[in-house]
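Visitor: I would like to learn how to read features in a protein model, one at a time. Could you walk me through this one?

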Amino acid sequence: MATSSPIDDPSVDFLHELGSRMASADALHEVLARVVDFASALTKCDSCLIYVLESGELVLRASKNPHPDVVDRLKLHVGEGITGWVAEHGEPVAVSKNASQDPRFRIFQELPEDTYEAFLSVPLMSRSRVVGVINLQHRRPHVHNQREIRLISTAGFLLGAEIEMARLETENSNLSQQLETRKIVERAKGILQRDLSLDEEQAYLALQRQSRQKRKSMREVAEAVVLTDELRRGSQSN
């Protein structure tokens, strides 16, 4: 009887494809969707949820079943439910039946999957640090074998690296925006100091006061001051 080569294993093909998509800089949500597809096909699960650790909370970012009301909104604290326990300890949890009876389990009314029997929760890791969790659920009892757990964990390592890259890119983008905002505010302060004979603190307080009164950000108020100054200078030069 012929046996298939590991090279012909579709799971190997998927892991290669996942790595290629990450290398080609596919958007994170597209990578999450591919992992959901892979995990669902591999385990024949009825539900697949991916949580991403953001600012100390686990945020639901992808789901096999449509959940427009909870995806990107549902949040868990680290340590909360089986998902939070996995994030806290960095270890997978597999419950073959009666998952809701596990003392760590927490039911969310928004997720009908929480009534399912079997539950597999695997951490998404990057450099030994948990960056998210992937959950697989079956309506009926199901024993997750070691091959399934290893493959999901491997996909988790790849996905964890992608999540970490996305987080760093967001942080860099935020820092760039903060620096640009600071430059604009400093420029606006200089204009107010020159035109209104204010000191630096008075100029800053004036911007802050306008920000509160107009319910706009400091950057928006500063940009308005700079634009007004540029328009005035332009008209004077003509």
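Guide: Let us begin with A118, which is buried, with a relative accessible area of 0%. Here buried means under 20% relative accessible area, exposed over 50%, and partly exposed in between, with a 1.4 Å probe and protein chains only. This is a predicted model, in which local features need pLDDT of at least 70 and side-chain atom pairs count only at pLDDT 80 or more, while totals for chains, interfaces and linings use all residues. Residues are numbered from 1 along each chain as its sequence is written, and side-chain values use heavy atoms, with hydrogens and water left out.

Visitor: Where is the place of A118, and which residues does A118 touch?

Guide: A118 belongs to strand β5. Strands (E, at least two residues) and helices (H or I, at least four) are DSSP runs, numbered from the N terminus. Contact means heavy atoms within 4.5 Å. Not counting residues up to four places away in sequence, A118 touches V95, S96, A99, L136, Q137, H138, R140, P141, H142 and H144.

Visitor: Now the strands. How many bridges pair β5 and β6?

Guide: Two strands pair if DSSP finds at least two bridges between them. β5 (118-126) and β6 (residues 129-138) pair in the antiparallel sense over nine bridges. Within this pairing, V122 stands opposite I134 in β6. The two strands form a hairpin with two residues between them, and R127 in the turn has a positive phi of about 55°. S128, in the loop between β5 and β6, also has a positive phi, near 65°, and is a residue other than glycine. S128 counts as exposed, at 74% relative accessibility.

Visitor: Which other strand pairs with β6 in the antiparallel sense?

Guide: That is β1, which pairs with β6 over six bridges. Across this pairing L49 stands opposite N135, and V52 stands opposite G132. β6 is largely enclosed by the rest of the structure, because nine of its 10 residues are buried. β1 (residues 47-54) is also largely enclosed, since six of its eight residues are buried.

Visitor: What does β1 form with β2?

Guide: β1 and β2 form a hairpin with two residues between them, where S55 in the turn has a positive phi of about 55°. β1 and β2 (residues 57-63) pair in the antiparallel sense over six bridges, and E54 has E57 as its bridge partner in β2. Beyond β2, in the loop between β2 and β3 (75-77), you will find D72. D72 has a positive phi near 75° and is not a glycine; D72 is partly exposed, with a relative accessible area of 44%.

Visitor: How should I read the nonpolar interior?

Guide: In soluble globular proteins, nonpolar side chains tend to be buried together. A nonpolar core is a set of buried Ala, Val, Leu, Ile, Met, Phe, Trp, Tyr and Cys residues joined through side-chain atoms within 4.5 Å. The largest one here has 24 residues, and those with the most contacts inside it are C48, I50, L124, I134, L136, I152 and L159. Elements giving two or more residues to this core are α2 (28-43), β1, β5, β6 and α4 (146-196). α2 gives the most, with seven residues. Apart from this core lies another of 21 residues, including V71, F108, M125 and V133.

Visitor: Which residues does L136 touch?

Guide: Setting aside residues up to four places away in sequence, L136 touches A39, T43, C45, S47, C48, A118, F119, L120 and I152.
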